[in-house]
Amino acid sequence: MALDQVWVFSEEIDDAPSATSLELLTKARTLETTVSVLYLGKRSDTAFAELGAHGASRVLLLSGQTDQLPSAPAAAAICEIVESEMPDLLLFGQAPTARDIAGRVAARLGRSVIANSVDLNTEDGLTVVTEIFGGTQLVATNFTGETPHIVIVRPKSFAADPSDGGAPEVVEVQMPDAGRSSATITERVVEAAEGPQLAEAAVIVTGGRGIGAAESYELIEKAAAPLKAATGATRAIVDAGWVPYAKQVGQTGKTVKPDVYIAAGVSGAMQHLVGMKDSKIIIAINKDPDAPIFGVADLGVIGDVHKVLPKLIEELEKRT
Ligand SMILES: Cc1cc2nc3c(=O)[nH]c(=O)nc-3n(C[C@H](O)[C@H](O)[C@H](O)COP(=O)(O)OP(=O)(O)OC[C@H]3O[C@@H](n4cnc5c(N)ncnc54)[C@H](O)[C@@H]3O)c2cc1C
């Protein structure tokens with residue numbers, strides 16, 4: 001199926017286009033189509049150049065941001081321009097604002113959305129791939145009905161790769177005032193983050209309930225330090241209040257794809273696996289030889305984390 005126009009939604013995060021939108025642009029480039037970006041953020045030549053480098057020939061700059069939650073005005077503006085240009089496909093990353101806007105756009109236009117997708121292709125119509133049962137099964141779904149089709153894609157489904165694309169054309173699209181009933185942002189809180197971040201780290205060391213207590217998370221941090229690794233967590237220890245939610249890997253946490261993922265005291269529940277199973281090398285430490293984590297591990301150590309991790313830390317510290 002030939003797509004004439006694909007539009008990728010991109011949200012400004014830390015003065016730059018969101019990482020997921022660059023991944024989506026890289027994928028959109030391969031669909032041999034004209035790619036535009038719906039950009040929710042400040043006018044920035046640097047951001048636009050980055051979008052251009054990743055394949056956008058045009059940026060539709062959603063301007064007129066206020067202290068309102070942007071989803072309602074952004075969706076209204078997007079629908080207006082979609083109705084006049086009728087692109088074939090709208091791609092959104094799986095993030096709170098993008099998801100909210102995608103849902104509003106779908107409802108206003110009366111189109112279906114496929115969320116949680118990990119791939120798409122145009123070989124036989126527009127096929128969208130989603131994972132079920134913790135990523136053990138793939139489901140391919142074809143859109144029927146009128147375009148634009150709307151797809152929400154999980155982060156890290158594609159690797160972002162700049163091409164030699166030049167500066168895109170920039171067209172300002174005014175967002176309407178969504179009215180007094182719209183939600184207003186009263187405060188923004190940036191979570192303090194130290195050390196390597198989960199999304200970018202090449203190595204991640206994750207602790208699960210098997211570490212036994214909040215204080216033992218120190219073992220995870222000590223193993224991570226010499227490896228310059230980020231530290232992760234299962235939902236069990238986030239829910240127990242041992243570590244903040246920002247560290248959670250999995251279905252309701254972050255999706256990661258590091259070169260090396262070390263899981264210590266992690267059972268390997270499917271909701272955890274879905275967020276880390278595509279790591280290049282998985283090393284699991286668990287005292288239960290039947291723990292499901294060993295089903296995805298490249299290297300497994302059957303043993304007590306309180307014995308294995310101190311030895312690993314000692315060895316790593318000797319080498320740094
Ligand atoms: C809707 C939904 C969404 C969810 N989203 C997520 C998510 O995003 N991320 C996530 O992680 N979970 C998620 N979960 C929870 C998930 O189902 C599991 O409950 C959770 O991942 C288990 O965490 P765990 O492996 O730390 O704990 P457990 O399952 O309790 O496993 C602990 C493991 O440690 C081992 N162990 C115990 N003591 C030691 C020791 N001394 N040395 C070595 N090994 C030891 C045990 O053998 C066991 O395998 C979700 C659940 C639901 C229903």
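This is a predicted model: local features need pLDDT of at least 70, side-chain atom pairs count only at pLDDT 80 or more; totals for chains, interfaces and linings use all residues.
Which strand pairs with strand 4 (residues 58-63), and in which sense? Strand 10 is the partner, and the two run parallel over six bridges; strands count as paired if DSSP finds at least two bridges between them. Here S63 stands opposite Q174 of strand 10.

Residues are numbered from 1 along each chain as its sequence is written. Helices (H or I, at least four residues) and strands (E, at least two) are DSSP runs numbered from the N terminus.

Five strands form an open, parallel sheet in the order 12-11-13-14-15. Strands 12 and 15 are at the edges with a single partner strand each, so one side of each has no neighbour in the sheet.

| Edge strand | Residues |
|---|---|
| Strand 12 | 230-233 |
| Strand 15 | 299-302 |

Strand 11 (residues 203-207) is joined to strand 12 by four bridges, and I204 has A230 as its bridge partner in strand 12.

In helix 8 (residues 305-318), V305, L309 and L312 are buried. They lie on the same side of helix 8 because they cover an arc of only 65° around the axis, taken from the directions from the helix axis to the C-beta atoms. On the other side, K307, K311, E314, E315 and K318 are exposed.

Definitions and conventions. The expected span of a helix is 1.5 Å times one less than its number of residues. A residue is buried if 20 or more other C-beta atoms lie within 10 Å of its own, exposed if 12 or fewer, and partly exposed in between; C-beta atoms are placed from the backbone.
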